[in-house]
Amino acid sequence: MFERLGRTMVRRRWWVLGLAVAFIAFAGIWGTQVFGKLVGGGFDDPASESSRALTRAEAELGRDGNDVLVLYRSSTLTADDPAFQQAVTSTLADLPSDVVTGTATYWSTKSPTFVSKDKHSSFAVITLAGDDEETRTDQLEKIEGDLAAPGLESEVGGSTAINRDINERVSADIARAETLSMPVLLILLVIIFGSLAAASLPLAVGGLAILGAFTALRGLSYLTDVSIFSVNVVTILGLGLAIDYGLFMVGRFREELGRGLSVEDAVARTMGTAGRTVAVSGVTVAVSLAGLLIFPITFLRSMGLGGLSAVLIAMVAALTVLPALFGVLGHRVDALSVRRLFRRSRASSEVEHGFWYRLARSIMRRPVIYTVGVLAVLLIAATPFLRVEFGGIDARALPAGTESRVVSETLNRDFVQNSQAPIDAIVTSSSGLDQYVADVQKVDGVTGASVTAAEGSTARVSITYDGDPISAESRELVSRIRDVPPPPGGEVLVGGQTAALADQLSTVGDRLPWMALIVVSATFVLLFLAFGSLVLPVKAIIMNVLSLGASFGALVLIFQEGHLSGLLNFTSTGTLEATQPILVLGIVFGLSMDYEVFLMSRMREEYDRTGDNTQAVAIGLQRSGKIITSAALLILVVIGLFSISGITFIKLIGVAMLIAVLVDATIVRALLVPATMRLLGDLNWWAPGPLRRVYARYGIHEEGPPAPPAAPVPVGASS
């Protein structure tokens, strides 16, 4: 099938390239307008109790969001001075009514929570018009310059300002990462591919993948909310996988040309081997990312949609546009070479005595030592994850000194703690409200509870407490409040920032096992169909888990416990935001399988030819080791600069992926895989008779089933 596809692409190359150019033009015009369709936030479960509490409160009591918090301070006046009051109230009164739907101050509420402990600061709460965060951000931009009160120092914060600052910083960081990484990436591409012509091929596929994914996301935005953060995963995977596929297919195309095949035959053979591998890899990576779609949280679902779009389009482009370009370039794939002085013929001895071949042979002479040693290192690296504490995102995700973060820190330090991040109980009852408030005040950890809004039979009870809103103790307090009986015949929905986080973690915990089951099962089936073995899929999954474990252990040490926080310039909250490791899980699991498929495909090919497991491992590593390490190096350039982002959770993604890819491409693929392959011997390729027949009939292979492997031999019988 793949050989026929390759021949078709060569014979119809100008049609294929013409359609690709037309698609690029369309995607460049229509698809890039996706940025105006994407939404911010999206970390909450819309079906959770906290989300239902917010919906009911807005329907029954009207929006009362703390969209903007303006902090006013005077070194000489206190909040009780008429001049302080006049400066603030007159400023707020001049704000346009079509932008601001409500304000609350110390003087309108008489609440002492609006005044700092030293009496020299007070804040105003502003509710903005607009049904979504994007609209409210636009409204903030209209009035931000009018919020300064005469004679007072003023700073702007609140949820809308924080979200705006995070989104703007993420966009700026992505642009900076791409600007800094692209020159390095281009230089490395030319060096690794050896010629300007060859280096341009993965860039063509990457451009198609990124623009195609933007087009797909814009179409999807008409059906569902799509998070702006999905752009991150599109960039990483679109370019990263294009480089992987380009390396693998260009290398194989050159190899086939070197054997004296015609251009068309070389393309056909490349597609029958490397093209098949790319197809398996693309589907496997897509399956890993598809696991994110089972989460109702917009952020994770959007990452799944963006990743799926980028991966599938990169795969399709690699299987259509690349062979068409091979057909156009032919032997000119090495045009504009930068290493002609170092070119030498590739004799068979080079394969049998190259660096990766010798490394594999060395490892397989001491497989037990390498296996035990590498496993010990990876397991020790993973142990910090046993003490992980999950939390959420707050203003501390922003760089220190950001105005909206300063306001948040000042409120927590100088005012009644959590007065603007209360736990809200939305009570619907015709009677018994006073008794419910009294019962809530008795809950251990509650410092105060009062009715802050009421309309008909619905009331909002705002509950204050000591502690960090994203801490485990605060989430446990939400559970205790939810255990308080509602008024007779009434209903209570508990919401607020802390409740939303508790619900998010509950949703993630409920869906994560299903994601793991779907991804592992589908990956197992795909790898079996690709390699005809029951052992290799199990081993591949275990090795992926080991790579991820080492990465997650590092995340706990770095981001939860704060080690290297000074070097990486972030503030540790003592927790990990829960959705980010899941995102890393989906992406890294897919990338690790990408490398696994590349490596095992060459080993399987050699094993089918010789029936010698040890020789197959050595030659397979020799022929794919450089490709895997080169691919890892290039994708590290793509993702590495995300680790210098000013937003903590983007930095976390960059660091996590950097560590996981580095561990997987070096320690796992170069050391652990050869050692375990040697220990298992021919059992690596084992499958029971009925499943071997399934593989022979339905397996993903070219020109009929492979030859059966040789009978199992004792470990150490061949060398």
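**Entry 1**

The model is predicted: local features need pLDDT of at least 70, side-chain atom pairs count only at pLDDT 80 or more, and totals for chains, interfaces and linings use all residues. Residues are numbered from 1 along each chain as its sequence is written, and side-chain values use heavy atoms, with hydrogens and water left out.

I then checked what D468 meets. D468 forms a salt bridge with R396, with 2.7 Å between the closest N and O atoms (a salt bridge is a side-chain nitrogen of Lys or Arg within 4 Å of a carboxyl oxygen of Asp or Glu). R396 lies in the loop between β5 (390–391) and α15 (403–414), and D468 in the loop between β8 (458–465) and α17 (472–482), so the pair ties together parts that are 72 residues apart in sequence. Helices (H or I, at least four residues) and strands (E, at least two) are DSSP runs, numbered from the N terminus.

**Entry 2: other salt bridges**

I searched the whole structure and found 32 salt bridges. One of them joins the side chains of R164 and E141 at 2.9 Å, N to O. R164 sits in helix α7 (residues 159–193) and E141 in helix α6 (residues 133–143), so this pair links parts 23 residues apart in sequence. R164 is buried at 8% relative accessible area, whereas E141 is partly exposed at 41%.

I also looked at D664 and R669, which form a salt bridge with their closest N and O atoms 2.9 Å apart. D664 is buried, with a relative accessible area of 0%; R669 is buried at 1%.

Last, I noted a network of salt bridges that links E3, R252, E255, E256, R259, R269, R602 and E605.

**Entry 3: a sheet**

I followed an open sheet of 4 strands, in the order β2-β3-β1-β4 with antiparallel pairing (two strands pair if DSSP finds at least two bridges between them). Which strands stand at the edges? They are β2 (100–104) and β4 (153–157); each has a single partner strand, so one side of each is left without a neighbour in the sheet.

I checked one pairing more fully. Strand β1 (residues 68–73) pairs with β4 in the antiparallel sense over 5 bridges. The bridge partner of R73 is E153 in β4.

Notes: Buried < 20%, exposed > 50% of the residue type's maximum accessible area, 1.4 Å probe, protein only.
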